[in-house]
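Okay, thanks for coming, everyone.

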Amino acid sequence: MSMVLGPGPSRQARLASLLYAPEQVRERSRRIYGAMLDESPHVRSGNFASLAAEDLERLFRLYDAEFFRDCLSEMLREDCAYPMAFRLSRRLTRAAGQTMRLVRRVRRAGRIVEQPEYEIAVSTTLLFNTFRDVDREVVVGGLTCADRLEALQRIFEHELLHLAEFLGWGRSSCSAENFRMLSRRIFGHEGVRHDLVTPREQAAATFGVRVGDAVEFDMEGTLLRGRVNRITRRATVLVEHPSGTLFTDGRRYQTFYVPLPLLRKL
Ligand SMILES: [Zn+2]
């Protein structure tokens with residue numbers, strides 16, 4: 001008879017039994033904050049200027065020990081999915097993080113089995129935009145963050161809850177009640193949203209450029225005029241041109257992706 005591994009009631013019971021009082025949460029997350037400053041060659045202060053994927057691995061190890069009684073790494077091992085992957089992402093400009101579960105079919109001991117793989121990504125675009133030029137209160141998961149490292153911790157906690165749900169339940173949704181229950185009991189989170197500084201807010205603060213603004217920019221020696229349609233890492237500017245694409249307003253536009261410092265407001 002083979003052992004039953006993977007998501008199921010016994011894992012769910014272990015995860016649902018994790019419960020910390022608010023002062024325990026503060027104490028444990030403070031220890032992790034201190035350990036990051038002690039151990040990481042990149043995170044040298046609360047508003048650190050560089051970060052590596054190995055710092056996410058370090059956070060995982062610290063959180064697994066402080067909050068999960070090492071059950072995350074244990075469940076990953078049972079699933080033959082340890083070590084899992086950690087990644088920094090510049091492309092995440094709305095979500096602060098992302099936890100993925102991929103299932104591959106592999107042959108093991110002559111049988112086809114489903115092999116899960118896990119990855120946590122954290123948005124460096126949002127992290128490094130925050131606590132820079134825009135000076136305001138920053139809230140992640142309903143908790144006010146004093147600096148970039150605290151924001152990273154709150155983001156990472158949210159992603160770890162997704163991982164825990166994947167491991168225990170086989171699926172995860174932060175808009176469902178189960179996620180909210182776990183996030184309250186383990187981390188004392190009051191919500192699942194963040195208000196980190198997005199590229200859009202950053203552009204408004206630093207360059208005074210907002211969606212809808214008329215702008216001009218230099219394109220290979222030609223001065224072009226258009227309107228800002230979208231702001232991610234660059235601004236999407238629509239410039240009216242007879243050979244452009246027909247838009248719903250009946251006009252034709254060419255689309256340019258312009259770095260924000262190169263735009264001048266009209
Ligand atoms: Zn989520």
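Let's start with the sheet: five strands, open, in the order 9-8-7-6-10, with antiparallel pairing. Look at the two ends of that order. Strand 9 (252–258) and strand 10 (264–265) are the edge strands, and each has a single partner, so one side of each has no neighbour in the sheet. Further in, strand 7 (residues 222–231) and strand 8 (residues 235–246) run antiparallel and are joined by 4 bridges.

Before I go on, a word on confidence. This is a predicted model. The mean pLDDT of the chain is 93, with 98% of the residues at 70 or more. Among the elements, helix 3 (residues 53–67) has the highest mean, 98, while helix 8 (residues 199–207) has the lowest, 83.

Now the overall layout. Where the two touch, domain 1 puts in 7 residues and domain 2 puts in 6 residues. On the domain 1 side of that contact you get 2 nonpolar, 3 polar and 2 charged residues.

What about the inside? As a rule, in soluble globular proteins nonpolar side chains tend to be buried together. Here the largest nonpolar core has 45 residues, and Tyr-63, Val-122, Ala-151, Leu-163 and Ala-164 are the ones that touch the most other members. Several elements give two or more residues to this core, including helix 2 (22–39), helix 3, strand 3 (111–123) and helix 7 (177–187). Which element gives the most to this core? That would be helix 6, with 11 residues. Let's zoom in on Ala-151: leaving out residues up to four places away in sequence, Ala-151 touches Leu-127, Thr-130, Val-138, Val-140, Cys-145 and Leu-196. There's also a second, separate core of 10 residues, with Ala-203, Val-215, Val-228 and Val-258 among them.

Next, the hairpin. Strand 2 (residues 97–108) and strand 3 run antiparallel, with 12 bridges joining them. One example is Arg-101, whose bridge partner in strand 3 is Tyr-118. This hairpin has 2 residues between the strands, and Ala-109 there has a positive phi near 50°.

Most residues other than glycine have a negative phi, and most peptide bonds are trans. So where are the exceptions here? Take the loop between helix 4 and strand 1, where Cys-80 sits. Phi of Cys-80 is positive, near 55°.

Is Glu-220 buried or exposed? Exposed, since there are 5 other C-beta atoms within 10 Å of Glu-220.

That's my tour, so over to you for questions.

Technical notes:
Residues numbered from 1 in each chain as written. Predicted model: local features only at pLDDT ≥ 70, side-chain atom pairs only at ≥ 80, totals over all residues. Pairing = 2+ DSSP bridges. Nonpolar A, V, L, I, M, F, W, Y, C, P; charged D, E, K, R; others polar. Buried ≥ 20, exposed ≤ 12 C-beta atoms within 10 Å, placed from the backbone. pLDDT = per-residue confidence, 0-100. Core = buried A, V, L, I, M, F, W, Y, C linked by C-beta atoms within 7 Å.
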